[in-house]
Amino acid sequence: MATDILMPQLGESVTEGTISRWLKQPGDTISKYEPICEVETDKVVAEVPAVVEGVLKEIVVSEGETVEVGTLIARIGEVGQVNSEQEVQMISSPSETKKKEDAVQEKEDSMKHRYSPAVLRLAQEHQIDLAQIKGSGAGGRITRKDVMRVIEQGNSQPEAVSTPDVESPITLHKESKAPERKEENPSIAQRKGTKPSTLALENGDIEVPVTAVRRTIANRMVMSVHEAPHAWLMMEADVTGLVSLRNRLKGEFLQREGVPLSFVPFFIKAVVDSLKEYPQLNSVWANDKIILKKRINISIAVSTEESLFVPVIHDADEKSILGLAKDVHRLAQKARSGKLELSDMQGGTFTVNNTGSFGSIASGPIINHPQAAILSFESIAKRPMVQNDAIAIRDMMNLCMSIDHRILDGYLAGKFLSRVKERLESYHPDVQI
């Protein structure tokens with residue numbers, strides 16, 4: 001008897017997942033709890049373990065396919081089940097063999113007209129008739145790779161074609177009023193963040209498929225801008241003392257603690273201490289109310305070559321510069337190696353963004369909805385400044401903050417940002433951390 005393996009729900013708000021890699025192939029023996037595949041969601045990349053011991057009998061969803069939570073992705077049979085089925089087939093009579101072959105053919109075609117959301121999206125964007133594609137997936141299922149192969153071969157239809165009426169995770173509807181036209185399913189639009197592109201490709205153009213992570217980023221950014229009225233303010237801080245302090249400590253710190261000492265822990269420390277004074281900044285919008293969060297959990301933006309992740313330092317106000325430095329390093333390493341867990345991504349109450357790491361001097365960050373604000377620390381640069389009626393060369397940095405104007409007003413935001421500035425400017429080379 002075969003055991004069905006379903007797409008797991010890797011988080012409360014997760015509705016779908018993408019098979020990024022199969023770790024086992026049909027015929028492989030599997031131990032209970034042994035990982036059989038990797039699944040990418042809008043939050044993490046996670047391994048899916050086998051729930052029973054046995055032999056991987058069938059892969060239903062191919063690599064690169066995106067399917068909804070609860071969708072059958074594989075079957076695991078009992079040890080020896082595959083060989084037993086083959087032996088029975090060898091001793092069957094010709095008529096029985098013919099019946100079995102017909103049943104097998106029916107099974108092979110059973111998934112032919114079941115399309116994943118990713119396949120439907122690609123077909124609509126490139127005006128491809130799915131009925132004309134031979135699927136390479138289990139049960140004749142058309143995979144994302146099958147559609148991409150057609151696109152790469154330049155075989156998309158010159159005229160729009162309607163998607164066949166099939167059983168699929170998504171249902172397409174027609175308007176009852178004339179003229180009739182196909183409506184785009186809302187779930188597809190939400191996953192894309194935008195409507196299908198109508199731009200014509202020119203020779204040499206390269207289309208890059210949108211990953212689950214990038215699609216989620218797009219959706220959340222659009223939602224944040226649409227829902228939260230952004231206001232923006234900027235202050236400059238003289239961080240000459242902080243720069244001297246960090247330069248004095250960084251070599252010894254790395255040797256002693258095993259992690260680099262960047263400016264980010266100092267930025268976070270200034271933020272969390274200021275949030276204690278102005279708890280309104282540590283809040284979230286909840287439609288009919290504003291919730292002041294007790295815990296101070298700092299989301300930090302971590303960029304990779306392909307994506308942006310925002311892991312969370314929980315209870316950041318309880319940590320020292322050393323503790324914050326270790327957490328920043330740990331989360332950055334996990335993000336860049338694809339090892340972030342759900343617990344690393346949940347519960348953020350305020351976001352800190354170190355845009356200065358790539359040379360930015362001013363920015364207007366988009367709020368990490370439903371948080372109240374996001375603060376970007378820009379590049380530190382030496383500039384001539386007037387100090388005690390004389391011109392001096394100082395290390396200056398811009399602090400750029402976006403706020404949700406439903407929650408905060410400029411006065412309160414300005415008071416908070418002033419305290420962050422003051423704390424950063426209070427550091428000097430002799431401070432003990």
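Reader: How many bridges join E3 to E6, and do the strands run parallel or antiparallel?
Author: In this predicted model, E3 and E6 are joined by 2 bridges and run antiparallel. Within E6, Val-55 is the residue that stands opposite Thr-29.

Reader: What stands opposite Val-55 in E8?
Author: That position is taken by Gly-77. Strand E6 covers residues 54-59 and strand E8 covers residues 72-77; the two run antiparallel, with 4 bridges between them. Ile-59 also has a bridge partner in E8, namely Ala-74.

Reader: Which strands make up the sheet, and in what order?
Author: The order is E1-E8-E6-E3, an open sheet of 4 strands with antiparallel pairing. Its edge strands are E1 (3-6) and E3 (29-30), each of which pairs on one side only.

Reader: Why is E6 described as largely enclosed?
Author: Because 5 of the 6 residues of E6 are buried, the strand is largely enclosed by the rest of the structure.

Reader: Let me turn to the helices. How many residues of H8 are buried?
Author: Helix H8 is mostly covered, with 11 of its 14 residues buried. The buried set includes Phe-266, Phe-267, Ile-268 and Leu-275, and also Lys-269 and Ser-274.

Reader: What span should H8 have, and what is the distance between its end C-alpha atoms?
Author: H8 takes in residues 264-277, and at 1.5 Å a residue it should span 20 Å. The end C-alpha atoms are 20 Å apart, which agrees with that expectation.

Reader: A change of topic: how many disulfides does the count come to?
Author: The count comes to 0 disulfides.

Reader: Is Cys-37 buried or exposed? And Cys-400, buried or exposed?
Author: Cys-37 counts as buried because its relative accessibility is 0%. Cys-400 is buried too, with a relative accessible area of 0%.

Reader: How many salt bridges does a search of the whole structure find?
Author: Such a search finds 24 salt bridges. One of them pairs Glu-257 with Lys-326, whose closest N and O atoms are 3.6 Å apart. This pair links distant parts of the chain: Glu-257 lies in helix H7 (residues 240-257) and Lys-326 in helix H9 (residues 321-336), 69 residues apart.

Reader: What is the relative accessible area of Glu-257, and of Lys-326?
Author: Glu-257 is partly exposed at 22%. Lys-326 is also partly exposed, with a value of 36%.

Reader: Which residue does Arg-330 meet in a salt bridge?
Author: The side chain of Arg-330 meets that of Asp-344, at 3.9 Å from N to O. Here too the pair links distant parts of the chain, with Arg-330 in helix H9 and Asp-344 in helix H10 (residues 342-345), 14 residues apart. Arg-330 is partly exposed, with a relative accessible area of 38%, whereas Asp-344 is buried at 7%.

Reader: Where do Lys-421 and Glu-425 lie?
Author: Both are in helix H11 (residues 410-425), 4 residues apart, about one turn of the helix. In general, an α-helix has 3.6 residues a turn, so residues three or four places apart point the same way. Lys-421 and Glu-425 form a salt bridge, their closest N and O atoms being 3.0 Å apart. Lys-421 is partly exposed, with a relative accessible area of 23%, and Glu-425 is partly exposed at 32%.

Reader: Which residues do salt bridges with shared partners join into one network?
Author: That network consists of Lys-319, Asp-327, Arg-330, Lys-334, Glu-341 and Asp-344.

How values were computed. Residues are numbered from 1 along each chain as its sequence is written. This is a predicted model: local features need pLDDT of at least 70, side-chain atom pairs count only at pLDDT 80 or more; totals for chains, interfaces and linings use all residues. Side-chain values use heavy atoms; hydrogens and water are left out. Two strands pair if DSSP finds at least two bridges between them. Buried means under 20% relative accessible area, exposed over 50%, partly exposed in between (1.4 Å probe, protein chains only). The expected span of a helix is 1.5 Å times one less than its number of residues. A disulfide is a pair of cysteine sulfur atoms within 2.5 Å. A salt bridge is a side-chain nitrogen of Lys or Arg within 4 Å of a carboxyl oxygen of Asp or Glu.
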